[in-house]
Amino acid sequence: MSDLAKSLRDKLAGLAQITALPVISEHISTDGTVKWLFDVGAGNAVEAVYIPETDRGTLCISSQAGCAVGCRFCSTGHQGFSRNLETSEIIAQLWFAEHSLRKRLNSSERVISNVVMMGMGEPLQNYSALVPALKMMLDDHGYGLSRRRVTVSTSGVVPMIERLRDDCPVALAVSLHAPTDPLRDQLVPLNKKYPIAELLAACNHYLDKAPRDFITFEYCMLDGVNDTPEQARELVDLLRNKVACKINLIPFNPFPASGLKRSSNERVKAFAEILLNAGLVTTVRKTRGDDIDAACGQLAGEVQDRTQAHIRMVRAPVVVKGASPS
Ligand code: SF4
């Protein structure tokens, strides 16, 4: 930056460093999905995934190395929590991906149009680093992304949803995964602290300031656990006319330690039809990057296991009302 005074440059050199995150690996899927594994020091690694679509390019980035929430169906949750990422480490994933993709595609135009905070970690448990990173993504002097195209995905940290509403309202996605508290307690342990009724109240309050007029609810389809027609009807009762929303049904990506299985396509279709017939906007997420293990829930694959969380979770089968334990 030769347009800055030399004295200032010297001062900056002593105070700050400008470096990219070291890349451990890069995998490119046959469908164009790209996954990077970044080294964030002390044996920790985080992943970012680029998903190209005809009308947009979405980058999914991480907010923490590991995660403390411990969702049953999530391979990141199974490895436990290592540490929060710094703001610079969050934004560096976007910087690297954009530069790398422009180079590869020989493009001077922006490649990444959407960012989702849906990689490793619970973003709202790293709030103080998250919000400055979001502001950089939105700032015209930063990446200039629209609020509608930046999404924070949360497992339901209710007080932080309230704060995000005031500090930096971007699009919100909520990992719901169950229509009732007893089942959600088992799939998303944070539910014991912030049960569904509180979560939905926070979602409604968030909508006052949200850039989109709906909340996205993610629902990972687990065979024999949360995918029955009765549970679809319970979901209808829970959400219809209660929260403006879209429901995204996600095919589960099995990993050995989970003890869970992906719902069949027929079951997913039947579940979706009940929601659609009840007037709930519902989509089924296409699986992307399967050949490079890039799909959601597999982002932790190569990261060192730091805790015994995976053992604890394997020992606790999911108990479904009226069914034998899975
Ligand atoms: S789904 Fe999200 S919040 Fe739950 S364990 Fe995985 S990374 Fe953490």
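Analyst: Let's start with Cys74, which sits in the loop between E5 and H2. Those labels come from DSSP runs, numbered from the N terminus: helices are H or I runs of at least four residues, and strands are E runs of at least two. Before going on, keep in mind that this is a predicted model, where local features need pLDDT of at least 70, side-chain atom pairs count only at pLDDT 80 or more, and totals for chains, interfaces and linings use all residues. Residues are numbered from 1 along each chain as its sequence is written.

So is Cys74 buried or exposed? Cys74 counts as buried because it has 28 C-beta neighbours inside 10 Å. The cut-offs are these: 20 or more other C-beta atoms within 10 Å of a residue's own makes it buried, 12 or fewer makes it exposed, and in between it is partly exposed, with C-beta atoms placed from the backbone.

Cys67 lies in the loop between strand E5 (64-66) and helix H2 (75-78). Cys67 counts as buried too, because it has 27 C-beta neighbours inside 10 Å. Leaving aside neighbours within four places in sequence, Cys67 is in contact with Thr76, Gly77, Phe81, Met120, Gly121 and Glu122. Contact here means that the two C-beta atoms, placed from the backbone, lie within 7 Å.

Now for the ligand. Among the residues surrounding it are Cys67, Cys71, Cys74, Thr76, Met120 and Glu122. The shell divides into 5 nonpolar, 6 polar and 1 charged. In this count, Ala, Val, Leu, Ile, Met, Phe, Trp, Tyr, Cys and Pro are nonpolar, Asp, Glu, Lys and Arg are charged, and the others, Gly among them, are polar. An unreviewed UniProt entry has a "binding site" annotation covering Cys67, Cys71 and Cys74. Such annotations may be inferred rather than shown by experiment.

The unreviewed entry also lists Glu47 and Cys296 under "active site". Glu47 lies in strand E3 (residues 45-53), and it counts as buried because it has 26 C-beta neighbours inside 10 Å.

Stepping back, the largest nonpolar core has 81 residues, and Leu59, Val115 and Met221 have the most contacts inside it. Strand E3 gives the most to this core, with 6 residues. A nonpolar core is a set of buried Ala, Val, Leu, Ile, Met, Phe, Trp, Tyr and Cys residues joined through C-beta atoms within 7 Å.

Notes. Near = placed C-beta within 6 Å.
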